[in-house]
Every structure is written in C-alpha cells, then in structure tokens.
Amino acid sequence: MISVEDALRNILDAVDVLGLEKVNILSALGRVIGEDVFSGRAIPPKDNSAMDGYAVRSMDVFGASEKNPILLDVIEDLPAGSVSRETIGKGQAARIMTGAYVPEGADAVIPVEETKKEDKRVVIFSGVQTGENIRFAGEDVQTGELVIQKGEILRPAHIGMLASLGRSFVFVHQKPLIAVVSSGDELADIDEPSPLKIVSSNSYSLAALILACGAVPMQMGIAKDRREDLIEKFRAAMRADLILSSGGVSVGDFDLVKDVMKQKGNQMNFWQVAMKPGQPLAFGSLENVPVIGLPGNPVSSMISFEQFARPAILKMMGHKNIFRKTVTARLTEDIHKKPGKRHFIRGIIKQDATGYTARTTGEQGSGILKSMVMANGLIILPPELTKAGTGEEVTVQLLDDSLHMTFQPGFPQLQVGQ
Ligand code: AMP
Ligand code: MG
C-alpha cells in the first residue's frame with residue numbers, strides 16, 4: 001500500500017502534456033495556449049478621443065472659464081471611426097465623438113459639457129492640459145509587445161484581446177480523449193430492463209467529471225467479469241490518451257483489472273493507496289496507454305478521480321494549476337476515524353465573515369452517492385489522526401470552484417431550494 005502523495009507522483013510522472021492544435025479563438029476559451037502572442041499592431045492605432053466634445057489646441061483655450069469664455073471656429077464634424085482631412089489651426093476646433101481620431105493640430109479634447117455650440121462656432125468654458133481626454137496610439141498594446149504568454153488559460157478577456165490583434169485562430173493544447181470502461185456482472189445501462197441490476201452510474205459520473213475538466217470522454221460501456229470481455233473493452237479503449245476503468249480492482253475472485261495490467265506487454269505500477277474511500281486503486285499501462293483502475297463504489301470512484309485522474313488530465317491539457325483549491329475551515333461537528341489512512345470526508349462548506357466552516361454530509365459509506373451530491377468540498381484528515389473535534393481547523397478541498405465567491409458582505413446568503 002502506498003501513500004496518496006506517492007501514488008499521485010507516480011501517475012503524474014506517467015502522463016505527458018499533449019501537443020498543440022489550431023482552433024478558432026472562441027473554441028479556445030478555457031484552454032491552455034501553446035504559443036506566445038506578440039502584437040503585430042498598436043492598439044489603438046492612432047490617438048483618439050476619450051470624450052464627446054471638441055478637439056482643440058490647448059494653447060488656444062488657456063485660461064478659459066465661465067467668466068472668460070473663448071470662442072473657436074468649428075471647421076469639421078468627426079463621428080467615431082472618421083478620419084479628418086483638416087488640420088486644426090489657431091482659433092479653430094473640430095466637433096469630435098468618443099473613439100474618433102484626433103485631427104492634426106489638436107492636442108486635447110474639451111468635453112461637450114464645458115462648451116456651448118453657437119452656429120458654426122463653439123464657446124469654451126474651461127481650459128485643458130495637453131493630451132487631456134485623448135487615448136494615445138498604443139496605450140493599450142504596443143507593436144511587438146508580448147501580450148499573452150504560452151501556458152496561460154484563455155479567459156474571455158484573452159479571447160477579446162486575440163480578436164483585437166486580428167487573430168481568428170490560435171494554438172492550444174489538445175483535449176485528451178479519456179476512455180471509461182465500467183466492469184461488473186451486476187451492472188446494467190440506464191434503459192436496460194433489469195430491475196435488480198445496478199445502473200452503471202460510474203459510466204456517467206466519470207464521463208461528467210471528464211467533461212468538467214474540459215477533456216473528451218469516450219464511454220466504452222460495461223464489461224462482464226470475464227477476462228476476455230474486459231480485454232476486448234480495453235483493446236477498444238486503447239486509442240484514448242488515458243483509460244479509466246471502474247470496478248474489478250478489489251480482492252475478489254472476479255476482480256480482473258489487475259490481472260490484465262500484469263499481462264505481458266502491459267504494466268502495473270502500483271495497487272492500493274492508503275486512503276478512505278478509494279483504497280483499491282490500481283495504476284499501470286496497457287502497452288503504452290496509461291490506465292487508472294478506479295474502485296467500483298460510486299463515491300470511491302469519484303473521489304479517486306478527483307485525487308488522481310483530474311490532476312493527470314489537467315497536466316495533459318497543459319495546465320500548471322492542476323490541483324483543487326484547499327482552504328482551512330473550522331469543524332462544526334466532531335469526526336472520529338481509525339489511524340492509518342488519509343480520509344476524504346464529504347463535507348458541506350460554508351463561508352461567513354469569519355472564514356470557512358465545515359460539517360459532514362452525514363453517512364459516509366462509499367456506496368452513498370447522495371453524499372457526493374450534497375458535498376461541495378472534501379474534509380481531508382491525515383492518516384495518523386483519530387479525532388478532529390468541533391472548532392478545530394481542518395484542511396478542506398473545495399470541489400465547487402465558485403464556493404469562495406458566494407459570500408458577499410452585506411448580502412444574505414441565498415439558500416438552495418428557495
Ligand atoms: P467492485 O470494485 O467491482 O468490487 O465494485 C464494488 C461495488 O461498487 C459493486 O458492488 C457495485 O455495487 C458498485 N459498482 C461497481 N461498478 C459500478 C458502476 N459502474 N456504477 C455504479 N456502481 C458500481
Ligand atoms: Mg466488480
């Protein structure tokens with residue numbers, strides 16, 4: 001039996017970062033960019049107005065005020081997007097809208113609120129500094145500037161920036177294809193008419209977890225507890241970048257996943273991890289394709305996915321931050337455990353003005369999938385610990401990324417179901 005850390009290290013060492021593919025910028029949202037993006041242009045390309053008003057020569061309106069208004073001739077009208085052909089001379093101004101390029105000769109913009117139009121002239125009631133109310137060429141991005149670095153996750157602002165730079169395609173890390181093979185004679189698919197069989201919920205929860213990582217699930221269906229059947233499903237799964245199996249890794253007579261890993265040409269790196277739930281995890285490879293043999297119990301398979309498969313998949317996709325956020329929370333109930341294994345206890349985590357609190361979801365059996373439905377975090381108790389009491393601080397792994405954002409000072413917490 002190995003520790004969670006050693007198991008994780010072994011799995012992460014065995015998976016590689018995938019290569020790049022060229023995708024449309026909108027499809028690149030949330031993905032990891034595989035190229036440095038330099039700007040081939042200045043943004044904005046020319047000095048333009050930050051206000052609706054009048055483009056002027058600042059020296060012409062020096063000292064202007066309500067008591068000392070200055071009169072200028074308006075020689076043209078510049079809506080957004082227009083390019084002036086005139087030069088603003090002494091005593092002249094141009095009507096200008098936000099975003100319009102500042103004409104030659106002008107060096108500032110007077111906001112419309114500080115002016116009064118009089119036929120072909122304008123009365124100016126305030127002075128301006130040189131450059132005031134002008135957005136300068138290149139003030140956002142300069143030509144040749146490194147704007148997005150290889151390895152960044154592309155968020156909506158990045159997509160907008162790529163568009164501004166004139167890029168419609170970008171190179172990102174590929175999405176891994178992850179096969180899910182469920183095994184067990186007791187299992188049936190959702191619509192199979194077999195009332196006493198257990199629906200292979202893992203086929204769906206695991207596929208959903210894969211989707212939530214941004215990877216592509218490939219559901220291989222259910223293998224019977226026969227060596228040939230398992231091998232056949234595994235063979236079909238071998239075009240994937242990673243195979244996840246569920247079930248068949250315990251110590252029972254029909255737990256055949258390990259046997260297949262031990263066959264010639266394949267490999268089993270380790271079996272059994274000092275954790276609860278999820279102890280009977282096996283990791284190895286079929287020829288060169290890595291296989292994580294997850295336990296069959298619905299909670300165990302999901303928690304093992306969270307601890308091992310998710311970081312591995314995120315690594316494959318080029319991510320640098322591959323672990324869930326952890327926080328310290330105060331327990332609001334006592335938890336007892338046996339020493340020896342790291343426990344991952346399904347928890348309900350809340351945030352208030354003083355920090356995080358955590359309580360358990362109740363019954364912690366590894367078949368209680370409802371505990372995962374209720375949980376928004378995992379309370380992690382170290383192997384040696386036997387008790388964590390009310391008020392003690394524990395480490396919590398947040399399963400819901402938005403959790404730390406739900407508390408807004410001054411607003412009541414919204415409750416689910418209301
Ligand atoms: P195993 O790891 O094969 O011994 O499976 C342990 C238990 O997990 C079984 O008795 C089933 O009740 C349950 N189980 C196994 N595979 C699945 C699955 N694909 N979906 C839901 N439950 C499963
Ligand atoms: Mg089984």
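Me: Let us take helices (H or I, at least four residues) and strands (E, at least two) as DSSP runs, numbered from the N terminus. On that basis, which element gives the most to the lining of the largest pocket?

Reply: This is a predicted model. In the largest pocket, β24 is the element that gives the most to the lining, with four residues. The elements giving two or more residues to this lining are β15 (198-199), α3, α6, β23 (335-336) and β24 (342-352).

Me: How much space lies in that pocket?

Reply: The space in the largest pocket is about 810 Å³.

Me: And which residues lie nearest its centre?

Reply: P277, P295, N297, S300 and S366 lie nearest the centre of the largest pocket, out of 42 residues that line it.

Me: What is the lining of the largest pocket like by class?

Reply: The lining has 21 polar, 13 nonpolar and eight charged residues.

Me: Which domains does the lining draw at least three residues from?

Reply: Domain 1 (4-16 + 175-316) and domain 4 (326-404) each supply at least three residues to the lining of the largest pocket.

Me: P277 came up there. Which residue is joined to P277 by a cis peptide bond?

Reply: K276 is joined to P277 by a cis peptide bond, with omega about -5°. P277 sits in the loop between β19 (275-276) and β20 (282-286). The peptide bond from I43 to P44 is also cis, with omega near -10°. P44 is in the loop between β2 (37-38) and β3 (48-49).

Me: Stepping back, how is the chain divided into domains?

Reply: The division gives domain 1 (4-16 + 175-316), domain 2 (20-43 + 140-173), domain 3 (48-135) and domain 4 (326-404). Taken over C-alpha atoms, the centres of domain 1 and domain 3 are separated by 69 Å.

Me: On to packing. Which residues touch the most other members in the largest nonpolar core?

Reply: L244, I292, F305, F308 and I313 do, in a core of 40 residues. Two or more residues of this core come from each of α1 (4-14), β13 (177-183), α3 (201-213), β17 (242-246), β21 (289-294), α6 (298-316) and β26 (377-381). The most come from α6, which gives ten residues.

Me: Why does this core lie between domain 1 and domain 4?

Reply: Domain 1 (4-16 + 175-316) and domain 4 (326-404) both give residues to this core, so the core lies between them. Another core, of 21 residues, lies apart from it and includes A179, A223, L230 and M261.

Me: What is F308 in contact with, leaving aside its neighbours within four places in sequence?

Reply: With those neighbours left aside, F308 contacts V4, A7, L8, I11, V273, M275, L281 and I292.

Me: And Q307: buried or exposed?

Reply: Q307 counts as buried, at 8% relative accessibility, because buried means under 20%. Q307 is placed in helix α6. Not counting residues up to four places away in sequence, Q307 touches L8, M275, F344, L378 and Q397.

Me: Where is S245 found, and is it buried or exposed?

Reply: S245 is in strand β17. It is buried, with a relative accessible area of 1%. Its contacts, leaving aside neighbours within four places in sequence, are V181, F234, V257, I292, G293 and L294.

Me: What about K150, buried or exposed?

Reply: K150 is exposed, because its relative accessible area is 56% and exposed means over 50%. K150 is in the loop between β11 (146-148) and α2 (156-164). Residues up to four places away in sequence not being counted, K150 touches I33, G34, E35 and D36. The C-alpha atoms of K150 and F171 are separated by 9.6 Å, the two residues being 21 residues apart along the chain.

Me: A backbone check, then. What is phi of D119, and what is phi of Q272?

Reply: Phi of D119 is near 55°, a positive value in a residue other than glycine. Phi of Q272 is near 80°, again a positive value in a residue other than glycine.

Me: Where does D119 lie, and where does Q272 lie?

Reply: D119 lies in the loop between β8 (115-118) and β9 (121-124), and D119 counts as exposed at 68% relative accessibility. Q272 lies in the loop between β18 (267-271) and β19, and Q272 counts as buried at 18% relative accessibility.

Key
Residues are numbered from 1 along each chain as its sequence is written. Chains are lettered from A and ligands numbered from 1 in the order in which they are written. This is a predicted model: local features need pLDDT of at least 70, side-chain atom pairs count only at pLDDT 80 or more; totals for chains, interfaces and linings use all residues. Side-chain values use heavy atoms; hydrogens and water are left out. A nonpolar core is a set of buried Ala, Val, Leu, Ile, Met, Phe, Trp, Tyr and Cys residues joined through side-chain atoms within 4.5 Å. Buried means under 20% relative accessible area, exposed over 50%, partly exposed in between (1.4 Å probe, protein chains only). Domain bounds come from an automatic or database domain assignment. Contact means heavy atoms within 4.5 Å. On a 1 Å grid over the protein atoms alone, a cavity is a set of points where a 1.4 Å probe fits but cannot get out, and a pocket is an open set with protein on both sides within 12 Å along at least five of seven lines; lining residues have an atom within 4 Å of a point. Grid points are joined across faces, edges and corners, and a volume is the space filled by probe spheres set on the points. Ala, Val, Leu, Ile, Met, Phe, Trp, Tyr, Cys and Pro count as nonpolar, Asp, Glu, Lys and Arg as charged, and the others, Gly among them, as polar.
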